Amino acid sequence: MSGVVTFGEVMLRLATQRRERFTQTRDFEVTYGGGECNVAVSLANFGVPATFVSSVPANDIGQACINYVRQFGVDVSKIIRTGDRLGIYYLESGASMRASKVIYDRAGSSISTVKPNTFDWEEIFSEKDWFHFTGITPAISESAAATCEEAIEVASALGLTVSVDMNYRKNLWSPEKAQSTMKPLMKFVDVAIGNEEDAEKCLGISAEGVDVTSGEIDPDAYTTVIKRLVDEYGFKQVGVTLRESMSADDNNWSAIYFDGEKILTGKKYPVRIVDRVGGGDSFSAGIIFGNLKSEWASQDILDFAVACSALSHTFHGDFNLVDETEVMSIVGGDTSGRVQR
């Protein structure tokens, strides 16, 4: 199957245990993750040759991170060792009406120091067909944004399909800064992906009359958003994830998808949350994987992407640890959760 390249930051994740608060806990669970890395791991689990490009420090923590990612079958040979530290994020898992919290400690991380001409993108993209990035990477630093732009331009010039998960992070930049950086990049993007708010924050296009905190989201409200995105930026495909959050424990999960001709609505899954980090990344991986399956119809692609991203909420950690067979079982209607013997 065709190869996929992703580029971005991978961080050390320190999560409280037993849903304890930051001010309460005395121990943290150590894992690793980050938007583009999460996509690469999902694709590798589906059998796709996936290469993750990044920068980590040349110390034991950087090596531990590389070892962790490598175990899932991701090609980590293009990760460079530069900078002084690995970015960190702290996660406090919420419960019921208490929301989860994330605190970033990533200033001055290795990826923030990368510069254009650091990576040989033509060599990295050789015999690859797809390049994926998120809006997080350009938000990290000016030099990271310039390096990401360089990669996007080379990928596009070489004929790779370019996808973006807009992934707005208010702790990293303002909507104004996001739009001034992200809008010029969109002319190279073929497939745009985001959640209910990303198009508004990153590209200035919002759905009218939608309150994402209400617990109910009307998919039809995003039809106009998709049409405007296609008209203004020429995207060939657009995917929008729809999270209805009743509490920190219970969400409904669905998505809509423009395949170049029509807008499709996915099945809505009720999800009991184990860990919600990485849900959008799993959706991106599902869209990419579905497009690489040349025999799949558009509805097949959407059904797979929604099912695999719903499943991702059932694992601790950033990574979605499912294979194609497990996802197809959910697509086929088996959501009973019965023990497999």
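## Arg21 and Glu92

Glu92 is buried, at 2% relative accessibility. Buried means under 20% relative accessible area, exposed means over 50%, and partly exposed is in between (1.4 Å probe, protein chains only). Arg21 is partly exposed, with a relative accessible area of 33%. The side chains of Arg21 and Glu92 meet in a salt bridge, 3.2 Å from N to O. A salt bridge here is a side-chain nitrogen of Lys or Arg within 4 Å of a carboxyl oxygen of Asp or Glu. The pair links distant parts of the chain, 71 residues apart. Arg21 sits in the loop between E2 and strand E3 (28-33), and Glu92 in strand E7 (residues 88-92). Helices (H or I, at least four residues) and strands (E, at least two) are DSSP runs, numbered from the N terminus.

## Basis of the model

This is a predicted model, in which local features need pLDDT of at least 70 and side-chain atom pairs count only at pLDDT 80 or more, while totals for chains, interfaces and linings use all residues. Residues are numbered from 1 along each chain as its sequence is written, and side-chain values use heavy atoms, with hydrogens and water left out.

## Other salt bridges

The count of salt bridges comes to 17. One of them joins the side chains of Glu9 and Arg106, at 2.7 Å from N to O. Glu9 lies in the loop between strand E1 (3-7) and strand E2 (11-16), and Arg106 in the loop between strand E8 (101-105) and helix H3 (121-124), so the pair ties together parts 97 residues apart in sequence. Glu9 is buried at 4% relative accessibility. Arg106 is buried too, with a relative accessible area of 7%.

Asp275 forms a salt bridge with Arg13, and the closest N and O atoms are 2.4 Å apart. Asp275 lies in the loop between strand E15 (269-272) and helix H9 (279-292) and Arg13 in strand E2, so this pair ties together parts 262 residues apart in sequence. Both Asp275 and Arg13 are buried. Salt bridges that share partners join Arg13, Asp275 and Asp318 into one network.

## Helices H10 and H11

Helix H10 (residues 298-312) packs against helix H11 (residues 324-331) at an angle of about 105°, with the axes 9 Å apart. Axes are lines fitted to C-alpha atoms, for helices over the stretch in contact, and angles run from 0 to 180 degrees between N-to-C directions. H10 and H11 are therefore roughly perpendicular to each other, a term for angles of 65 to 115 degrees.

H10 contributes Asp303, Phe304, Ala307, Cys308 and Leu311 to the contact. H11 contributes Glu324, Glu326, Val327, Met328, Ile330 and Val331. Contact means heavy atoms within 4.5 Å.

Definitions and conventions
Angles under 35 degrees count as roughly parallel, over 145 as roughly antiparallel, 65 to 115 as roughly perpendicular and the rest as oblique.
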